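Please open the model in a viewer and keep a selection panel at hand.

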Amino acid sequence: MNEIFDRIADELVDKNYAIIDSFLSPEEVKAILALPHFAQHEQHFKKAGIGKNADLQINEAIRGDYILWLDKNTAPPAALVYLNRLGELIQNLNQSLFLSLKDYEVHMTVYPVGTYYKRHLDQFKKDDKRKLSVICYLNEEWKEEQGGQLRIYTEGTSQDVLPIAGRLVCFRSDVLEHEVLPATRERLSLTGWILDQVIL
Ligand code: OGA
Ligand code: MN
């Protein structure tokens, strides 16, 4: 894993984002997909909103995903494997890049067929604790023609990322605009943010 953490640091320095395959092994992905949360997500997940808390405003035209927040204290072992690995990533990035990242927040995510998330930035205007966005995809045998790419906008160009099982994408929440393109199949992921504050 240390080699993977080093590559994430290098790519972040280089281009503000990193794309790393096999952050989760096929077995680790399978164990997460088998959790009742995902297996019965229609019962457990809620429509995601735009903005935070009070101004939570559900807007189908902007984003169509359903989410379930994970709680470190109650997360099942299969999900903890991922959360603990994010914890290790934080420690490694703090050492290699002299950062002071402190915590993370993660939700399980499902985009139903045909849904998307329009171009946006992950940092809230009044709240800048989100430093890095980290998304790990859970879709076995995803094919390019099925769509669902994460499109990251960089200066003058863009980079499309297929949501392939085990792949981690990590990018600067404050600078990189991005969007999720619609797909012809359900698109599953763990979506999170690395924060420079501890959340209570
Ligand atoms: C988000 C987001 C990207 C993805 O949830 O804010 O941009 O690839 N997700 O799922
Ligand atoms: Mn986003």
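How far apart are the mean positions of the positive and negative charges of the protein? In this predicted model, the 23 positive and 30 negative charges have mean positions that are 5 Å apart.

**The whole protein**

The secondary structure comprises five helices and 11 strands.

Next, colour the 200 residues by accessibility: 47% of them are buried. A surface display shows an accessible surface of about 10200 Å², and carbon and sulfur atoms contribute 50% of it. Contacts may then be considered along the sequence. Of those between residues at least 6 apart, 75% join residues at least 24 apart.

**The manganese site**

Select the manganese ion (ligand 2) together with His-120, Asp-122 and His-178, which are its protein donors.

Are His-120 and Asp-122 buried or exposed? His-120 has a relative accessible area of 12%, and because buried means under 20%, His-120 is buried. Asp-122 also counts as buried, with a relative accessibility of 8%.

**Arg-85 in helix H5**

Move to helix H5, which covers residues 77-97 and contains Arg-85. Arg-85 is a buried residue, with a relative accessible area of 12%. To see what surrounds Arg-85, display its contacts beyond the neighbours within four places in sequence: these are Met-1, Phe-5, Phe-23, Leu-24 and Glu-28.

Continue to Phe-98, located in the loop between H5 and strand E4 (103-111). Phe-98 is exposed, and its relative accessible area is 76%. Most residues other than glycine have a negative phi. Phe-98, although not a glycine, has a positive phi of about 55 degrees.

**Asn-16, between H1 and E1**

A positive phi can also be inspected at Asn-16, a residue other than glycine whose phi is near 70 degrees. Where does Asn-16 lie? Asn-16 occupies the loop that joins helix H1 (2-15) to strand E1 (17-20). With a relative accessible area of 25%, Asn-16 is partly exposed.

**Asp-196, after strand E11**

Finally, select Asp-196 in the segment that follows strand E11 (187-195). Asp-196 is partly exposed, at a relative accessible area of 26%. Which residues are in contact with Asp-196 when its neighbours within four places in sequence are left aside? They are Ser-100, Leu-101, Lys-102, Lys-129 and Lys-131.

Conventions:
Residues numbered from 1 in each chain as written. Chains lettered and ligands numbered in written order. Predicted model: local features only at pLDDT ≥ 70, side-chain atom pairs only at ≥ 80, totals over all residues. Heavy atoms only, no water. Helix = DSSP H or I, 4+ residues; strand = E, 2+ residues; numbered from the N terminus. Buried < 20%, exposed > 50% of the residue type's maximum accessible area, 1.4 Å probe, protein only. Contact = heavy atoms within 4.5 Å. Areas by Shrake-Rupley, 256 points an atom, 1.4 Å probe, with all protein chains shown as cover. Lys, Arg positive; Asp, Glu negative; His and termini not counted. Charge placed at Lys NZ, Arg CZ, Asp CG, Glu CD. Donors = N, O, S within 2.8 Å, 3.2 Å for Na, K, Ca; no water.
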